Amino acid sequence: MRKDEIVIDVITSQRSITLNLLREQKLIKQYMFKSKYNLSEISNRLCTVAMLRWAICENLNANFSITNFSLMNAEVTYLNNEIGLLIDLMKEKIGDTGKDYTPMLNYSKKKNINLENCRFIDNTIALGFSNGKDSVCCQLLLKKSGYKIENFQFDFDDADFSHDFHTKYNINDEMLAKKYSTQSIFLNNNVSYYQEEDMHIIYLAPILLSAHKGYYTKMACGVQWDMLSQNGKGITIAESFASMKNLIDLTKLMGFQNFGIILPISAISSFGVYRILSDEYGFSKLEDFNSCWISAETPCGSCTKCIRVTFTQDILKACISGDFYTMLNIIEQNQIPVDFLFGSQNICKLLNNLSRENIRDISKDLYLQDIKPEYDAGFSKIIEKEYGFKEAKP
């Protein structure tokens, strides 16, 4: 299969990074990152590489030449590993033809850079905080475990930049963008596909702020197991454990030996998060947590996130009341496929196999024995002790 050649032109400054995607000198897409604070040389590099990953994985059906930025071996390994994860997912979803989409990378090589002497603070956690249920639940569990928490916000939309970080992309040629987009490849093969906005830039937040604060910490974020694993395999590439591990490996090679990603709620599902919050604040308070993707004030009620939240609350209410037939009606009347609604085949499988015997399990723990990576140490025990959840046996 002959592929078009896409040039990724990298433009960097102390507070911004821009990637221009060009085909035959015509601008197709533009990815932008902005920060309130000056980035150090090393954090600028890490952010640039994370954005290159975003651009390549989102526009897979092409070969890429990177200009104005020389890659080191560790950075090339990281990009190739991330592309490999996505290609593996495609082969699983659409068959061996997925390998036809593997891009070639053309780049200039950089030998080395001078690594910084970065001070690490181990009793503090940087938490991506949106005031939604997941981040509130993370904050609650981190406080119970004794951490000092530094909350920050990260914007993806096109609104005026007002928080710590802001990233967006503009589509300049929609027809060509659809030709290269990974999502279109899945849709053209009649395969449902779910991928969050690029997450790796968010994960790098403690390092991106290190030049301003004089130190860096570990990172915490609200990602649940049902968004991460299907029989031990990552199904949401942007948030998979394997993908996070690639980023951690890169940051350590770049001089941040203590960097890690803590996922306080990765051992539970969306339903488990609601259970924790209802135990802590009361069930009636759950509606106060606005997770809407459209409105920061009043939930719009129509975006996928609002539909997911309403669906989860209705299921949990039926679960707590023991009304099995109401729950089945909720599932059958839902207009959006459950696996797409949650980005999770796990939740879909769970809800499609409900019985009177396991219905109560939804409002309790849905632990997986094999998902306890090094950056999750201790949190499963905290959850189990505080909320009486039981660990599922293999």
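A search of the whole structure finds 11 salt bridges. Here a salt bridge is a side-chain nitrogen of Lys or Arg within 4 Å of a carboxyl oxygen of Asp or Glu. This is a predicted model: local features need pLDDT of at least 70, side-chain atom pairs count only at pLDDT 80 or more, and totals for chains, interfaces and linings use all residues. Residues are numbered from 1 along each chain as its sequence is written, and side-chain values use heavy atoms, with hydrogens and water left out.

**Stop 1: the whole chain**

Show the chain as a cartoon. It has 15 helices and 11 strands. These are DSSP runs, numbered from the N terminus: helices are H or I with at least four residues, strands are E with at least two. Of the 394 residues, 54% are buried. Buried means under 20% relative accessible area, exposed means over 50%, and partly exposed lies in between (1.4 Å probe, protein chains only). Now think about contacts, meaning heavy atoms within 4.5 Å. Among contacts between residues at least 6 apart in sequence, 72% join residues at least 24 apart.

**Stop 2: Lys179 and Asp4**

Select Lys179 and Asp4. Their side chains form a salt bridge, 2.9 Å from N to O. Lys179 sits in helix H4 (residues 174–180) and Asp4 in the segment before strand S1 (5–12), so the pair ties together parts that are 175 residues apart in sequence. Asp4 is buried, at 13%. Asp4, Arg23 and Lys179 are linked in a network of salt bridges.

**Stop 3: between H1 and H2**

Select Arg45 and Glu75. They meet in a salt bridge of 2.7 Å, N to O. Arg45 belongs to helix H1 (residues 41–58) and Glu75 to helix H2 (residues 73–94), and the two are 30 residues apart. Arg45 is buried at 8% relative accessibility. Glu75 is buried at 0%.

Next, select Glu82 and Arg53. This salt bridge also has its own N to O distance, 2.7 Å. Glu82 is in helix H2 and Arg53 in helix H1, so this pair ties together parts 29 residues apart in sequence. Glu82 is buried at 1% relative accessibility, and Arg53 is buried at 2%.

**Stop 4: H3 against H10**

Select residues 133–144, helix H3, and residues 270–281, helix H10. At what angle do they pack? The angle is about 65°, with the axes 10 Å apart. Axes are lines fitted to C-alpha atoms, for helices over the stretch in contact, and angles run from 0 to 180 degrees between N-to-C directions. The crossing of H3 and H10 is left-handed: the near helix is turned anticlockwise from the far one by less than a right angle, while clockwise would be right-handed.

Show the side chains. On H3, the contact residues include Val136, Cys137 and Leu140. On H10, they include Val273, Tyr274, Ile276 and Leu277. The contact divides into eight nonpolar, one polar and four charged residues. Nonpolar covers Ala, Val, Leu, Ile, Met, Phe, Trp, Tyr, Cys and Pro; charged covers Asp, Glu, Lys and Arg; the others, Gly among them, are polar.

**Stop 5**

Select Cys306 and Cys303. Cys306 is in no disulfide, and its nearest cysteine sulfur, that of Cys303, is 3.7 Å away. Cys306 is buried, at 7% relative accessible area. Finish at Cys300, which is partly exposed at 32%.

Note on methods
A disulfide is a pair of cysteine sulfur atoms within 2.5 Å.
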